[in-house]
Amino acid sequence: MQPLNVLMVGTGEYTTGFVGSGASGSDKKVGVVGLTLFDLRRRGKVGKLGMVGVNGTKYPAIREHLHQNITLAYNNLDTAFESYPADDTKDPDAYKGAIDALSPGDAITIFTPDTTHYPIALYAIERGIHVMITKPAVKLLEHHLALLEAAEKHGVYVYIEHHKRFDPAYWDAKARALKLGDFNYFYSYMSQPKFQLETFKAWAGIDSDISYYLNSHHVDICDSMVSQLGYVPVKVSASASKGVAVSMGCHESTEDTISLLVHWAKKDDPSKQATGVYTASWTAPHKAGVHSNQYFHYLAKDGEITINQAKRGYDVAEDAAGQLVWYNPFYMRYAPDEDGNFNGQSGYGYVSFEKFVDGCRSVNARDLKPADLDAKGLPTLRNTIATTAILEAGRRSIDENREVRIECKDGAWKLI
């Protein structure tokens, strides 16, 4: 199969690890998207690489950051890419020219503020370009369904980067959950320390919220489990707290913590119901000891599963940190191998990208159709409709102070 040409849309922390003043202080100081695609290019799965943002004046600093933290760290790993717009230009529509320079069958990755996902993805899909979108896919169910219709019309593969599906513990938990009988209860919690709000201050509470940002992980994990058991979400009520983010200079509408209460029912037997509670916060303590606290509890007819993915039995005490720290090398393993090469191919953050690249190449080679990839249970656009429906219903529940119903009949979804 031919290598896949990829355009990276977005130049921020997740793509490059660069946040304006230098390397991010989070666990993604060298990024995920760029590093992974540079290595996939080294392995022959990816061909030409490009990057597009709004502010071209950042590129000299980004290139130097990538050179210092990737090229020199991993045996001269090539970090070259074509960039849009020019280094002396700012252009909010630069993505259009960059996508126009691609050919049908090429791909883009979208790691930009949530409100931009829909127009960028649609522009690419209509030109025959495969698309990866960071979670959440989009904020509105109607946009999700419109992208799905366009993707099927143009025969392209659209994949949502729900990397938690490939976390080894979560993967194993899903397989076990399917053997435990009827779904009963799910509770999840995910948080990040409040210093992360400095990175997100430009859009937090304006373009999106903490539920879209973090609850999206566990809503998707739960749906990927229970949808195979025949369960669909039927109504959502949500609540939120405020104060900390606003006091740190975020927009006055920014919530600190959001909880979603979701009622699920079995399609072929509505008398069988279950409850899901999904809580997310970006105001955890500065010294929480972990960048992302994350755990869930799943209860079913014949058993239960509890996972804590922040504290995996790997504890580090460092004088510089002044505390006990829990790292997560299972996500992205940044430590090089014995020869100095990047060695993170088994990290579930990396695996998620590789599965997208492999899927695109298979479609281009006509070995598979996008529908075949849907059937594999991957986090495709079709397989993540319920997640978008739940997240939008939660937002509307808070804004409208009411319970929001989700209706799915004969494959048609809507919020009521």
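**A buried loop residue**

Modeller: Ala 137 counts as buried, because its relative accessibility is 4%, under the 20% cut-off. The model is predicted. Ala 137 sits in the loop between β5 (130–134) and α6 (141–154). Leaving aside residues up to four places away in sequence, Ala 137 touches His 117, His 144, Ile 160, Leu 381 and Thr 388. Take His 117 from that list. His 117 and Ala 137 are 20 residues apart in sequence, yet their C-alpha atoms are 7.0 Å apart in space.

The loop between β5 and α6 also holds Pro 136. A cis peptide bond joins Lys 135 to Pro 136, with omega at about -10°. Most peptide bonds are trans. A cis bond also joins Tyr 84 and Pro 85, again with omega of about -10°. Pro 85 belongs to the loop between β3 (82–84) and α4 (94–100).

Now the phi angles. Most residues other than glycine have a negative phi. Arg 366 is not a glycine, but its phi is positive, near 65°. Arg 366 lies in the loop that runs between α11 and α12 (370–375). Is Arg 366 buried or exposed? With 76% relative accessibility, Arg 366 counts as exposed, since the cut-off is over 50%. Asn 401 also has a positive phi, about 55°, without being a glycine. Its place is the loop between α13 (385–400) and β15 (404–409). Asn 401 has 71% relative accessibility and therefore counts as exposed.

Arg 366 leads back to α11, at one end of its loop. How does α11 pack against α2, and at what angle? Helix α2 (residues 33–42) and helix α11 (residues 348–364) meet at about 55°, and their axes are 10 Å apart. The two helices are therefore oblique to each other. Their crossing is right-handed. On the α2 side, the contact is made by Val 33, Thr 36, Leu 37, Asp 39 and Leu 40. On the α11 side, it is made by Tyr 350, Phe 353, Glu 354 and Val 357.

Definitions and conventions. Residues are numbered from 1 along each chain as its sequence is written. This is a predicted model: local features need pLDDT of at least 70, side-chain atom pairs count only at pLDDT 80 or more; totals for chains, interfaces and linings use all residues. Side-chain values use heavy atoms; hydrogens and water are left out. Axes are lines fitted to C-alpha atoms, for helices over the stretch in contact, and angles run from 0 to 180 degrees between N-to-C directions. Helices (H or I, at least four residues) and strands (E, at least two) are DSSP runs, numbered from the N terminus. Angles under 35 degrees count as roughly parallel, over 145 as roughly antiparallel, 65 to 115 as roughly perpendicular and the rest as oblique. A crossing is left-handed if the near helix is turned anticlockwise from the far one by less than a right angle, and right-handed if clockwise. Contact means heavy atoms within 4.5 Å. Buried means under 20% relative accessible area, exposed over 50%, partly exposed in between (1.4 Å probe, protein chains only).
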